[in-house]
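Please look over the sequence and the coordinates before turning to the sections below.

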Amino acid sequence: MTDTAYTPPAIWVWNKESGGRFANINRPIAGPTHEKELPVGKHPFQLYSLATPNGVKVTVMFEELLAAGHAGAEYDAWLVPIQGDQFGSGFVAVNPNSKIPALMDRSGPKPFRVFESGSILLHLATKFGAFLTTDPAKRAESLSWLFWQMGSAPYLGGGFGHFYAYAPTKIEYAIDRFAMEVKRQLDVLDRRLAEAEYLAGDQYTIADMAVWPWYGAMSKGLLYGGGEFLQVQEYKHLIRWTDQIAERPAVKRGRIVNCAWGDPANQLRERHDASDFELRTQDKLEPAA
Ligand SMILES: N[C@@H](CCC(=O)N[C@@H](CS)C(=O)NCC(=O)O)C(=O)O
C-alpha cells in the first residue's frame, strides 16, 4: 500500500493543497476570519444552522416542542452556509468552535449562547421539561445514548465518511478501520432497538433525535454512498426505528429547515413562522419556469 510510505516530518506544516472534498474550509487555527454580524429575529430562540445531521437534530427538537404545545419554543432558524460563514465574527461569538448548530437563547432578560448539538438538545429538554423524563433510570438511559451519539458520530462522519467518500485517495487501511467501527456501531443500535421501542426505552426522547439523523440516514443508505458497502439492510431493528421516527410530523418538518439542496419542495432555507412550511419552501419562492 502506498500510504504506508509516508514518514511524518518532525514538525507538521499546514499543506493547503492537501485536497479532498471540503478541504478548502479546513484550517489549523480557530477564531474569525472576517467581520459579519448575525441577524436576529423576533422569537425567543435564534438558531444559526444548516440541515446536516447535526443541524437537523435541533430543528426536529424545536418542531417537536412546538407540536407538543410548548409555545415558548418559537424560533427563528437562520441559514449558515458552511463554506465560510461559520468563521464570521458574529457566528464565532455564538460558537467559538465554528460549527453549526449554534443557538442564542433570548427567552430571558439576558441572552446567552448554547453550542454543540447535544448541549442544545439537553438545554431545551431541561428548560421545557420535555423529551427527557425525570425518572432517574430512564433519564440516565436517554443521556447515555445522547452522549453515545456525540462520541460515536465522528467515527461515522469524520472517519468512515471522510475516507470512503471525501478523501482524495482511497486508503484501504483507513476505510477498513472505520468501516469496521461503523458496522459495530450499527450493530450496537440494532441490538438495543431489538429490545426497546426507542433508545431510552418506551419513550421517544432527545436521544432518538440525536441518533436518527446520523444512524437512521446511514441505515437507509443515505450517507456517503456507503449503504451497499456496509450492507446496512442487515440492521432490521434499526431500520424499523428509523422508519417509525421518519413518520412523525415534527420530524418531517424539522428535517427540511435550513436545507439548501435537493428537492426544492424539501428546502425551507430559513424558518421564521409555522406558516413557512406551507408558504416559503424553495418551490414556492422560486417556482420552476
Ligand atoms: N459536535 C458538533 C459537531 C458539529 C459539526 O461538525 N458541524 C459541521 C456540520 S455537520 C460544521 O459546521 N462544519 C463546518 C466546519 O467544520 O468548518 C455538534 O454536534 O454540534
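## Terms and basis

Contact between residues means heavy atoms within 4.5 Å. The model is a predicted one, in which local features need pLDDT of at least 70, side-chain atom pairs count only at pLDDT 80 or more, and totals for chains, interfaces and linings use all residues. Residues are numbered from 1 along each chain as its sequence is written, and side-chain values use heavy atoms, with hydrogens and water left out.

## The loop at glutamate 74

Glutamate 74 is found in the loop between helix H1 and strand E2 (75–79); helices (H or I, at least four residues) and strands (E, at least two) are DSSP runs, numbered from the N terminus. Apart from neighbours within four places in sequence, glutamate 74 is in contact with His43, Pro44, Phe45, Leu66 and Arg271.

## Helix H1

Helix H1 covers residues 53–67, 15 residues in total. From first C-alpha to last it reaches 21 Å, close to the 21 Å expected at 1.5 Å a residue; the expected span is 1.5 Å times one less than the number of residues.

Twelve of the 15 residues of H1 are buried, so the helix is mostly covered. Buried means under 20% relative accessible area, exposed over 50%, and partly exposed in between (1.4 Å probe, protein chains only). Among the buried residues of H1 are Val56, Val58, Val60, Met61, Phe62 and Leu65, and also the charged Lys57, Glu63 and Glu64. After H1 comes glycine 69, whose phi is positive, near 95 degrees.

## The ligand site

The ligand is surrounded by 14 residues, and the closest are Gln86, Lys99, Ile100, Glu116 and Ser117; a residue is near a molecule if one of its heavy atoms lies within 4 Å of it. By class, this shell has six nonpolar, five polar and three charged residues. Here Ala, Val, Leu, Ile, Met, Phe, Trp, Tyr, Cys and Pro count as nonpolar, Asp, Glu, Lys and Arg as charged, and the others, Gly among them, as polar.

Polar contacts are pairs of N or O atoms within 3.5 Å; within protein, one must be able to donate a hydrogen and the other to accept it, and residues adjacent in sequence count only if both atoms are side-chain atoms. A side-chain N or O atom of glutamate 116 is 2.7 Å from a nitrogen atom of the ligand. For serine 117, a side-chain N or O atom is 2.6 Å from a ligand oxygen atom, while a backbone N or O atom of isoleucine 100 lies 2.9 Å from an oxygen atom of the ligand. The protein covers 80% of the 510 Å² of accessible area that the ligand has on its own, as found by the Shrake-Rupley method with a 1.4 Å probe; for residues, only the protein chains shown count as cover.

The peptide bond from isoleucine 100 to proline 101 is cis, with omega near 0 degrees. Proline 101 lies in the loop between helix H2 (89–94) and strand E3 (102–105).

Tyrosine 224, in the loop between helix H6 (206–219) and helix H7 (227–230), is a residue other than glycine with a positive phi, near 65 degrees. Its relative accessible area is 18%, so tyrosine 224 is buried.

Glutamine 267 lies in the loop between helix H9 (249–254) and helix H10 (276–279), and counts as buried at 4% relative accessibility. Its side chain is joined to that of arginine 269 by a polar contact of 2.8 Å.
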